[in-house]
Amino acid sequence: NKKRVSSSASHHCKDDYTLWADEFYDESEVEEETLVASVVLVDRGSCTFVTKVKLAQDNGAHAVIVIDNDSTKATAEIQQLIMGDDGWGNEVTIPSILVSYEDGRQLREAAQEQRDNNRDAMIKLEWDVPQSHDAVVDFWTSSGSREAAAFLTAFRPFAESLGGIPLDQRGGTVFFSKGKQDKEKRRLDFIPHYYISKIPQSTANCYKNEEKYCVEDPDGTGLLTGKDVIDEDLRQMCLWKLTSDMEDAEDGKVGHERFSGTWFEYIRIFHEKCHLSTGHGKTFGEDCSYEVMQSLPEAKEELNNIKKCVRTDAETLLHMQTKNTAWGVLALRINGWRFRGALEPETVTRAICASFPWEPPECKDMIEHFGGRKVDKIMNQKPLLSLEEILLIGLGCAAAVTAILCVYRCTYEGSLRNLVREEVMLEMKNAVFGQEKSKEQYLSLD
(Lines give C-alpha, C1' and ligand atoms only; values in the text may rest on other atoms or scores of the structure.)
Protein backbone atom coordinates (compact mmCIF):
# COMPACT_ATOMS: atom_id res chain seq x y z
CA ASN A 1 0.00 0.00 0.00
CA LYS A 2 2.23 2.80 -1.26
CA LYS A 3 -0.46 5.45 -1.73
CA ARG A 4 -3.07 6.97 0.53
CA VAL A 5 -6.48 8.50 -0.05
CA SER A 6 -7.12 12.17 0.56
CA SER A 7 -10.33 13.10 2.38
CA SER A 8 -13.68 13.04 0.58
CA ALA A 9 -16.61 15.26 1.53
CA SER A 10 -19.00 12.93 -0.30
CA HIS A 11 -17.88 9.73 1.52
CA HIS A 12 -16.10 8.64 -1.67
CA CYS A 13 -19.29 8.85 -3.72
CA LYS A 14 -18.03 11.62 -6.04
CA ASP A 15 -14.77 12.31 -7.81
CA ASP A 16 -13.68 14.77 -5.10
CA TYR A 17 -10.58 12.98 -3.86
CA THR A 18 -7.27 11.73 -5.22
CA LEU A 19 -4.64 9.15 -4.37
CA TRP A 20 -1.34 10.76 -3.54
CA ALA A 21 2.12 9.32 -2.84
CA ASP A 22 3.75 9.77 0.54
CA GLU A 23 6.62 12.21 0.47
CA PHE A 24 8.91 9.62 2.01
CA TYR A 25 8.20 7.09 -0.72
CA ASP A 26 10.83 6.90 -3.43
CA GLU A 27 9.86 4.78 -6.45
CA SER A 28 13.55 4.39 -7.34
CA GLU A 29 13.99 2.28 -4.20
CA VAL A 30 11.55 -0.32 -5.42
CA GLU A 31 12.90 -3.19 -7.48
CA GLU A 32 11.67 -3.28 -11.06
CA GLU A 33 9.91 -6.64 -10.65
CA THR A 34 8.12 -5.64 -7.42
CA LEU A 35 4.35 -5.21 -7.77
CA VAL A 36 3.16 -2.21 -5.76
CA ALA A 37 -0.60 -2.19 -5.23
CA SER A 38 -2.75 0.57 -3.82
CA VAL A 39 -5.54 -0.61 -1.52
CA VAL A 40 -8.15 2.00 -0.62
CA LEU A 41 -10.28 2.06 2.54
CA VAL A 42 -13.75 3.61 2.10
CA ASP A 43 -16.80 3.80 4.36
CA ARG A 44 -20.11 2.20 3.44
CA GLY A 45 -23.08 4.48 2.81
CA SER A 46 -24.38 7.45 0.74
CA CYS A 47 -24.07 5.58 -2.60
CA THR A 48 -23.80 2.08 -4.07
CA PHE A 49 -20.83 -0.24 -3.69
CA VAL A 50 -20.23 -0.09 -7.43
CA THR A 51 -20.02 3.72 -7.39
CA LYS A 52 -17.43 3.71 -4.61
CA VAL A 53 -15.28 1.01 -6.19
CA LYS A 54 -15.51 2.50 -9.69
CA LEU A 55 -14.41 5.94 -8.45
CA ALA A 56 -11.48 4.41 -6.56
CA GLN A 57 -10.56 2.43 -9.67
CA ASP A 58 -10.63 5.60 -11.80
CA ASN A 59 -8.29 7.23 -9.28
CA GLY A 60 -5.73 4.45 -9.62
CA ALA A 61 -6.70 2.01 -6.86
CA HIS A 62 -5.88 -1.66 -7.32
CA ALA A 63 -8.33 -2.93 -4.69
CA VAL A 64 -10.97 -1.48 -2.36
CA ILE A 65 -11.96 -2.37 1.19
CA VAL A 66 -15.44 -1.12 2.09
CA ILE A 67 -15.94 -0.70 5.85
CA ASP A 68 -19.45 -1.34 7.13
CA ASN A 69 -21.12 1.56 8.93
CA ASP A 70 -23.09 -0.56 11.41
CA SER A 71 -21.03 -1.24 14.53
CA THR A 72 -23.50 -3.88 15.78
CA LYS A 73 -22.87 -6.35 12.93
CA ALA A 74 -20.29 -9.05 13.58
CA THR A 75 -17.80 -10.34 11.04
CA ALA A 76 -19.84 -13.53 10.54
CA GLU A 77 -22.91 -11.46 9.58
CA ILE A 78 -20.92 -9.31 7.17
CA GLN A 79 -19.57 -12.41 5.42
CA GLN A 80 -23.13 -13.34 4.45
CA LEU A 81 -23.80 -9.98 2.79
CA ILE A 82 -23.37 -9.50 -0.95
CA MET A 83 -21.99 -6.32 -2.46
CA GLY A 84 -24.80 -5.97 -4.98
CA ASP A 85 -24.47 -4.78 -8.56
CA ASP A 86 -26.36 -1.59 -9.43
CA GLY A 87 -26.23 -2.35 -13.16
CA TRP A 88 -22.82 -0.79 -13.85
CA GLY A 89 -20.67 -3.46 -12.25
CA ASN A 90 -19.31 -4.59 -15.62
CA GLU A 91 -17.15 -1.44 -15.64
CA VAL A 92 -15.34 -2.49 -12.44
CA THR A 93 -12.22 -4.57 -13.00
CA ILE A 94 -10.53 -4.39 -9.56
CA PRO A 95 -11.36 -6.63 -6.57
CA SER A 96 -13.31 -5.31 -3.57
CA ILE A 97 -14.38 -6.66 -0.21
CA LEU A 98 -16.78 -5.65 2.56
CA VAL A 99 -15.51 -5.88 6.16
CA SER A 100 -17.18 -5.28 9.50
CA TYR A 101 -17.03 -1.98 11.35
CA GLU A 102 -14.69 -3.47 13.97
CA ASP A 103 -12.32 -4.97 11.38
CA GLY A 104 -12.33 -1.64 9.57
CA ARG A 105 -11.48 0.22 12.76
CA GLN A 106 -8.42 -1.97 13.26
CA LEU A 107 -7.35 -1.41 9.66
CA ARG A 108 -7.68 2.37 10.06
CA GLU A 109 -5.65 2.36 13.27
CA ALA A 110 -2.94 0.20 11.72
CA ALA A 111 -2.72 2.45 8.66
CA GLN A 112 -2.59 5.61 10.81
CA GLU A 113 0.07 4.12 13.11
CA GLN A 114 2.28 3.20 10.19
CA ARG A 115 1.78 6.58 8.61
CA ASP A 116 2.79 8.36 11.84
CA ASN A 117 6.04 6.38 11.70
CA ASN A 118 6.58 7.22 8.04
CA ARG A 119 5.88 3.65 7.01
CA ASP A 120 3.39 1.96 4.72
CA ALA A 121 0.72 -0.38 6.08
CA MET A 122 0.99 -3.67 4.24
CA ILE A 123 -2.12 -5.79 3.82
CA LYS A 124 -2.73 -9.15 2.17
CA LEU A 125 -6.09 -9.78 0.53
CA GLU A 126 -7.13 -13.29 -0.51
CA TRP A 127 -10.27 -14.26 -2.40
CA ASP A 128 -9.93 -18.02 -1.99
CA VAL A 129 -12.98 -20.15 -1.21
CA PRO A 130 -13.50 -20.07 2.60
CA GLN A 131 -12.85 -23.53 4.00
CA SER A 132 -15.19 -25.41 6.32
CA HIS A 133 -15.94 -29.00 7.38
CA ASP A 134 -19.31 -28.60 5.65
CA ALA A 135 -19.76 -26.74 2.37
CA VAL A 136 -22.79 -24.46 2.25
CA VAL A 137 -23.94 -23.73 -1.30
CA ASP A 138 -26.57 -21.06 -1.93
CA PHE A 139 -28.02 -21.09 -5.44
CA TRP A 140 -30.41 -18.48 -6.87
CA THR A 141 -32.74 -19.93 -9.45
CA SER A 142 -36.13 -19.50 -11.10
CA SER A 143 -38.62 -22.14 -12.21
CA GLY A 144 -38.87 -20.24 -15.50
CA SER A 145 -35.15 -20.57 -16.27
CA ARG A 146 -34.19 -23.38 -18.66
CA GLU A 147 -30.51 -22.70 -17.92
CA ALA A 148 -31.05 -23.23 -14.19
CA ALA A 149 -32.93 -26.48 -14.79
CA ALA A 150 -30.19 -27.77 -17.11
CA PHE A 151 -27.48 -27.00 -14.56
CA LEU A 152 -29.36 -28.54 -11.62
CA THR A 153 -30.11 -31.69 -13.61
CA ALA A 154 -26.45 -32.12 -14.61
CA PHE A 155 -25.12 -31.19 -11.16
CA ARG A 156 -27.52 -33.43 -9.21
CA PRO A 157 -25.35 -36.63 -9.16
CA PHE A 158 -22.40 -34.72 -7.71
CA ALA A 159 -24.56 -32.85 -5.20
CA GLU A 160 -26.10 -36.10 -4.00
CA SER A 161 -22.70 -37.73 -3.70
CA LEU A 162 -21.69 -35.06 -1.20
CA GLY A 163 -24.99 -34.18 0.41
CA GLY A 164 -27.71 -36.66 -0.41
CA ILE A 165 -26.83 -39.90 1.35
CA PRO A 166 -25.28 -40.42 4.81
CA LEU A 167 -21.76 -41.81 4.58
CA ASP A 168 -22.54 -45.01 6.47
CA GLN A 169 -25.21 -45.84 3.88
CA ARG A 170 -23.03 -45.33 0.82
CA GLY A 171 -19.83 -47.01 1.98
CA GLY A 172 -17.76 -43.86 2.23
CA THR A 173 -15.07 -43.14 4.79
CA VAL A 174 -16.40 -41.82 8.10
CA PHE A 175 -14.84 -38.50 9.02
CA PHE A 176 -14.67 -36.90 12.42
CA SER A 177 -16.18 -33.57 13.41
CA LYS A 178 -15.19 -31.66 16.55
CA GLY A 179 -13.55 -34.80 17.95
CA LYS A 180 -16.68 -36.94 17.71
CA GLN A 181 -17.50 -39.62 15.19
CA ASP A 182 -20.56 -38.60 13.21
CA LYS A 183 -21.67 -41.18 10.65
CA GLU A 184 -24.65 -39.09 9.59
CA LYS A 185 -22.50 -36.07 8.80
CA ARG A 186 -23.05 -34.71 5.31
CA ARG A 187 -20.50 -32.76 3.34
CA LEU A 188 -22.86 -30.41 1.50
CA ASP A 189 -25.74 -28.11 2.32
CA PHE A 190 -27.43 -27.09 -0.94
CA ILE A 191 -29.96 -24.32 -0.35
CA PRO A 192 -32.00 -22.96 -3.28
CA HIS A 193 -33.25 -19.38 -3.36
CA TYR A 194 -35.68 -17.89 -5.86
CA TYR A 195 -35.10 -14.65 -7.70
CA ILE A 196 -38.11 -12.49 -6.85
CA SER A 197 -38.14 -8.78 -7.70
CA LYS A 198 -39.96 -5.88 -6.09
CA ILE A 199 -39.48 -3.73 -9.19
CA PRO A 200 -42.94 -2.78 -10.52
CA GLN A 201 -43.87 -4.67 -13.67
CA SER A 202 -47.04 -5.61 -15.48
CA THR A 203 -49.43 -7.02 -12.88
CA ALA A 204 -49.69 -10.16 -15.03
CA ASN A 205 -46.10 -10.91 -13.98
CA CYS A 206 -46.73 -10.47 -10.25
CA TYR A 207 -48.15 -12.56 -7.43
CA LYS A 208 -51.91 -12.06 -7.04
CA ASN A 209 -51.67 -9.46 -9.82
CA GLU A 210 -50.18 -6.97 -7.34
CA GLU A 211 -46.94 -5.09 -7.99
CA LYS A 212 -45.24 -6.50 -4.90
CA TYR A 213 -43.55 -9.79 -5.84
CA CYS A 214 -42.77 -10.03 -9.55
CA VAL A 215 -40.61 -11.88 -12.09
CA GLU A 216 -39.99 -11.44 -15.79
CA ASP A 217 -42.32 -13.00 -18.35
CA PRO A 218 -40.75 -16.41 -19.18
CA ASP A 219 -41.87 -16.71 -22.81
CA GLY A 220 -42.33 -13.15 -24.11
CA THR A 221 -45.49 -13.06 -26.19
CA GLY A 222 -46.50 -16.60 -25.19
CA LEU A 223 -49.37 -17.63 -22.95
CA LEU A 224 -47.35 -17.99 -19.75
CA THR A 225 -46.80 -15.03 -17.41
CA GLY A 226 -44.52 -14.08 -14.56
CA LYS A 227 -47.34 -15.00 -12.17
CA ASP A 228 -47.23 -18.59 -13.46
CA VAL A 229 -43.51 -18.66 -12.64
CA ILE A 230 -44.04 -17.30 -9.12
CA ASP A 231 -46.77 -19.89 -8.47
CA GLU A 232 -44.36 -22.65 -9.51
CA ASP A 233 -41.56 -21.06 -7.45
CA LEU A 234 -43.85 -21.31 -4.41
CA ARG A 235 -44.59 -24.99 -5.04
CA GLN A 236 -40.87 -25.66 -5.29
CA MET A 237 -40.15 -23.67 -2.11
CA CYS A 238 -42.74 -25.66 -0.20
CA LEU A 239 -41.44 -28.93 -1.62
CA TRP A 240 -37.95 -28.03 -0.45
CA LYS A 241 -39.20 -26.92 2.96
CA LEU A 242 -41.07 -30.19 3.59
CA THR A 243 -38.63 -32.70 2.09
CA SER A 244 -35.23 -31.30 3.05
CA ASP A 245 -33.37 -32.85 5.96
CA MET A 246 -33.47 -31.03 9.26
CA GLU A 247 -30.28 -31.00 11.28
CA ASP A 248 -30.91 -31.70 14.97
CA ALA A 249 -29.71 -28.57 16.68
CA GLU A 250 -28.06 -28.57 20.08
CA ASP A 251 -29.72 -27.18 23.20
CA GLY A 252 -33.18 -27.54 21.72
CA LYS A 253 -32.68 -24.86 19.05
CA VAL A 254 -34.40 -25.17 15.70
CA GLY A 255 -32.31 -26.81 13.02
CA HIS A 256 -31.89 -25.66 9.43
CA GLU A 257 -32.63 -27.18 6.07
CA ARG A 258 -29.68 -29.00 4.54
CA PHE A 259 -30.43 -31.02 1.42
CA SER A 260 -33.35 -32.43 -0.54
CA GLY A 261 -32.75 -35.15 -3.09
CA THR A 262 -36.50 -35.14 -3.81
CA TRP A 263 -36.30 -31.48 -4.79
CA PHE A 264 -33.46 -32.22 -7.25
CA GLU A 265 -35.41 -35.11 -8.78
CA TYR A 266 -38.54 -32.98 -9.05
CA ILE A 267 -36.64 -30.23 -10.92
CA ARG A 268 -35.37 -32.78 -13.44
CA ILE A 269 -38.75 -34.42 -14.14
CA PHE A 270 -40.72 -31.17 -14.08
CA HIS A 271 -38.64 -29.55 -16.81
CA GLU A 272 -38.77 -32.73 -18.90
CA LYS A 273 -42.56 -33.04 -18.75
CA CYS A 274 -43.93 -29.54 -18.04
CA HIS A 275 -42.81 -27.38 -20.95
CA LEU A 276 -42.61 -23.60 -20.94
CA SER A 277 -43.89 -23.44 -24.50
CA THR A 278 -47.29 -24.76 -25.53
CA GLY A 279 -47.69 -27.50 -28.12
CA HIS A 280 -44.97 -29.71 -26.61
CA GLY A 281 -46.83 -32.11 -24.34
CA LYS A 282 -47.98 -31.02 -20.92
CA THR A 283 -47.84 -27.35 -20.06
CA PHE A 284 -45.94 -25.59 -17.29
CA GLY A 285 -48.40 -25.13 -14.42
CA GLU A 286 -50.16 -26.49 -11.35
CA ASP A 287 -51.67 -29.66 -12.88
CA CYS A 288 -48.38 -30.89 -14.32
CA SER A 289 -46.51 -29.90 -11.15
CA TYR A 290 -48.69 -31.94 -8.82
CA GLU A 291 -48.65 -34.86 -11.24
CA VAL A 292 -44.86 -34.92 -11.02
CA MET A 293 -45.03 -34.76 -7.22
CA GLN A 294 -47.41 -37.72 -7.25
CA SER A 295 -44.69 -39.75 -8.97
CA LEU A 296 -42.14 -39.06 -6.21
CA PRO A 297 -42.77 -41.07 -3.01
CA GLU A 298 -41.60 -38.45 -0.51
CA ALA A 299 -43.34 -35.59 -2.35
CA LYS A 300 -46.53 -37.65 -2.67
CA GLU A 301 -46.52 -38.25 1.07
CA GLU A 302 -46.24 -34.51 1.72
CA LEU A 303 -48.52 -33.39 -1.13
CA ASN A 304 -51.38 -32.13 1.07
CA ASN A 305 -48.91 -30.24 3.25
CA ILE A 306 -47.28 -28.75 0.15
CA LYS A 307 -50.65 -27.46 -1.07
CA LYS A 308 -51.38 -26.05 2.37
CA CYS A 309 -47.96 -24.38 2.45
CA VAL A 310 -48.64 -22.69 -0.91
CA ARG A 311 -51.96 -21.34 0.42
CA THR A 312 -50.84 -20.18 3.85
CA ASP A 313 -47.09 -19.45 3.69
CA ALA A 314 -46.80 -17.76 0.28
CA GLU A 315 -46.38 -14.18 1.53
CA THR A 316 -43.78 -15.22 4.11
CA LEU A 317 -41.75 -17.27 1.64
CA LEU A 318 -41.80 -14.58 -1.05
CA HIS A 319 -40.82 -11.91 1.47
CA MET A 320 -37.85 -14.05 2.56
CA GLN A 321 -36.67 -14.29 -1.04
CA THR A 322 -36.70 -10.52 -1.50
CA LYS A 323 -34.69 -10.12 1.72
CA ASN A 324 -32.03 -12.58 0.61
CA THR A 325 -31.21 -11.35 -2.87
CA ALA A 326 -28.22 -11.94 -5.11
CA TRP A 327 -26.77 -10.32 -8.22
CA GLY A 328 -29.11 -12.19 -10.56
CA VAL A 329 -30.61 -15.51 -11.55
CA LEU A 330 -28.04 -18.35 -11.62
CA ALA A 331 -26.02 -16.75 -8.82
CA LEU A 332 -24.07 -19.16 -6.64
CA ARG A 333 -22.18 -18.80 -3.36
CA ILE A 334 -19.94 -21.32 -1.60
CA ASN A 335 -19.48 -20.72 2.13
CA GLY A 336 -20.55 -17.13 1.54
CA TRP A 337 -18.01 -16.68 -1.26
CA ARG A 338 -19.28 -15.45 -4.62
CA PHE A 339 -18.66 -18.03 -7.32
CA ARG A 340 -17.54 -16.37 -10.55
CA GLY A 341 -16.64 -19.34 -12.73
CA ALA A 342 -18.60 -21.00 -15.50
CA LEU A 343 -21.82 -22.51 -14.19
CA GLU A 344 -20.90 -26.05 -15.15
CA PRO A 345 -21.06 -29.17 -12.94
CA GLU A 346 -17.32 -29.82 -13.16
CA THR A 347 -16.29 -26.25 -12.34
CA VAL A 348 -18.74 -25.92 -9.44
CA THR A 349 -17.82 -29.34 -8.02
CA ARG A 350 -14.12 -28.50 -8.07
CA ALA A 351 -14.83 -25.21 -6.26
CA ILE A 352 -16.92 -27.01 -3.62
CA CYS A 353 -14.22 -29.62 -3.09
CA ALA A 354 -11.66 -26.83 -2.65
CA SER A 355 -13.74 -25.51 0.27
CA PHE A 356 -12.95 -28.53 2.49
CA PRO A 357 -9.85 -28.56 4.73
CA TRP A 358 -9.20 -32.09 3.43
CA GLU A 359 -10.11 -33.96 0.26
CA PRO A 360 -13.16 -36.15 0.92
CA PRO A 361 -13.10 -39.46 -0.95
CA GLU A 362 -16.22 -38.37 -2.84
CA CYS A 363 -14.29 -35.43 -4.28
CA LYS A 364 -11.43 -37.66 -5.34
CA ASP A 365 -13.81 -39.98 -7.17
CA MET A 366 -15.61 -37.11 -8.88
CA ILE A 367 -12.43 -35.35 -9.99
CA GLU A 368 -11.17 -38.61 -11.47
CA HIS A 369 -14.53 -38.93 -13.19
CA PHE A 370 -13.91 -35.51 -14.76
CA GLY A 371 -10.51 -36.71 -15.96
CA GLY A 372 -8.64 -34.67 -13.37
CA ARG A 373 -6.06 -37.34 -12.55
CA LYS A 374 -2.81 -36.35 -10.93
CA VAL A 375 0.17 -35.51 -13.10
CA ASP A 376 2.25 -38.48 -12.03
CA LYS A 377 -0.53 -40.88 -13.01
CA ILE A 378 -0.84 -39.25 -16.40
CA MET A 379 2.91 -39.24 -16.95
CA ASN A 380 3.17 -42.95 -16.13
CA GLN A 381 0.39 -43.95 -18.47
CA LYS A 382 1.36 -45.65 -21.73
CA PRO A 383 0.43 -43.47 -24.71
CA LEU A 384 -2.33 -44.76 -26.93
CA LEU A 385 -0.05 -44.72 -30.03
CA SER A 386 3.73 -44.93 -30.38
CA LEU A 387 5.71 -42.48 -32.50
CA GLU A 388 6.33 -45.17 -35.15
CA GLU A 389 2.61 -45.93 -35.36
CA ILE A 390 1.80 -42.25 -35.74
CA LEU A 391 4.38 -41.92 -38.57
CA LEU A 392 3.02 -45.00 -40.35
CA ILE A 393 -0.53 -43.67 -40.10
CA GLY A 394 0.65 -40.33 -41.48
CA LEU A 395 2.45 -41.95 -44.41
CA GLY A 396 -0.59 -44.10 -45.12
CA CYS A 397 -2.85 -41.07 -45.17
CA ALA A 398 -0.43 -39.24 -47.49
CA ALA A 399 -0.31 -42.22 -49.87
CA ALA A 400 -4.09 -42.47 -49.88
CA VAL A 401 -4.43 -38.76 -50.69
CA THR A 402 -1.85 -39.07 -53.49
CA ALA A 403 -3.68 -42.06 -54.99
CA ILE A 404 -7.00 -40.23 -54.87
CA LEU A 405 -5.44 -37.20 -56.60
CA CYS A 406 -3.94 -39.43 -59.33
CA VAL A 407 -7.25 -41.16 -59.99
CA TYR A 408 -9.00 -37.81 -60.09
CA ARG A 409 -6.41 -36.41 -62.51
CA CYS A 410 -6.61 -39.38 -64.87
CA THR A 411 -10.39 -39.32 -64.84
CA TYR A 412 -10.45 -35.57 -65.39
CA GLU A 413 -7.95 -35.72 -68.30
CA GLY A 414 -9.91 -38.54 -69.98
CA SER A 415 -13.17 -36.62 -69.70
CA LEU A 416 -11.47 -33.49 -71.04
CA ARG A 417 -10.10 -35.36 -74.10
CA ASN A 418 -13.53 -36.81 -74.87
CA LEU A 419 -15.11 -33.38 -74.55
CA VAL A 420 -12.54 -31.80 -76.93
CA ARG A 421 -13.00 -34.65 -79.43
CA GLU A 422 -16.77 -34.18 -79.43
CA GLU A 423 -16.42 -30.42 -79.89
CA VAL A 424 -14.04 -30.89 -82.87
CA MET A 425 -16.33 -33.41 -84.54
CA LEU A 426 -19.29 -31.08 -84.06
CA GLU A 427 -17.40 -28.18 -85.64
CA MET A 428 -16.35 -30.34 -88.62
CA LYS A 429 -19.95 -31.48 -89.16
CA ASN A 430 -21.15 -27.91 -89.09
CA ALA A 431 -18.45 -26.87 -91.60
CA VAL A 432 -19.30 -29.69 -94.06
CA PHE A 433 -23.03 -28.99 -93.76
CA GLY A 434 -22.41 -25.31 -94.46
CA GLN A 435 -20.40 -26.03 -97.60
CA GLU A 436 -23.06 -28.37 -99.02
CA LYS A 437 -25.78 -25.84 -98.35
CA SER A 438 -23.83 -23.08 -100.13
CA LYS A 439 -23.29 -25.35 -103.15
CA GLU A 440 -27.01 -26.09 -103.37
CA GLN A 441 -27.87 -22.39 -103.28
CA TYR A 442 -25.32 -21.71 -106.07
CA LEU A 443 -26.75 -24.41 -108.33
CA SER A 444 -30.30 -23.13 -107.80
CA LEU A 445 -29.26 -19.68 -109.03
CA ASP A 446 -27.92 -21.15 -112.23
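Predicted model: local features only at pLDDT ≥ 70, side-chain atom pairs only at ≥ 80, totals over all residues.

Analyst: By residue class, the lining of the second largest cavity is made up of five nonpolar and six polar residues, with no charged ones. The residues that line the second largest cavity are Thr141, Ser142, Ser143, Ser145, Ala148, Ala149, Leu152, Gln236, Trp263, Ile267 and His271. Two elements, helix H4 (146–163) and helix H7 (261–273), each give two or more residues to this lining. The space in the second largest cavity comes to about 40 Å³.

The protein chain has 15 helices and 13 strands. Of its 446 residues, 35% count as buried. Among the contacts in the chain with a separation of 6 or more, 64% are between residues 24 or more positions apart.

One of the helices is H9, residues 297–301, in which Glu301 lies. Glu301 counts as exposed because its relative accessibility is 65%, and the cut-off for exposed is over 50%. Thr243 is 58 residues from Glu301 along the chain, and 9.7 Å separates their C-alpha atoms.

Among the strands, four form an open sheet in the order S9-S6-S12-S13, and the pairing is mixed. Strand S9 (188–194) and strand S13 (337–338) are at the edges with a single partner strand each, so one side of each has no neighbour in the sheet. S13 pairs with strand S12 (residues 332–334) in the antiparallel sense, over two bridges. In this part of the sheet, Ile334 has Trp337 of S13 as its bridge partner.

Confidence should be read alongside these details. The average pLDDT of the protein chain is 75, and 72% of the residues score at least 70. Residues 247–257 stay under 50 in pLDDT, and the model gives this stretch 15 contacts beyond four places in sequence. The pLDDT is also below 50 over residues 372–384, a stretch with seven contacts beyond near neighbours in sequence in the model.

How values were computed
Residues numbered from 1 in each chain as written. Heavy atoms only, no water. Pairing = 2+ DSSP bridges. pLDDT = per-residue confidence, 0-100. Contact = heavy atoms within 4.5 Å. 1 Å grid on protein atoms, 1.4 Å probe; cavity = no way out; pocket = protein on both sides within 12 Å on 5 of 7 lines; lining within 4 Å. Points joined across faces, edges and corners; volume = space filled by probe spheres on them. Nonpolar A, V, L, I, M, F, W, Y, C, P; charged D, E, K, R; others polar. Buried < 20%, exposed > 50% of the residue type's maximum accessible area, 1.4 Å probe, protein only.
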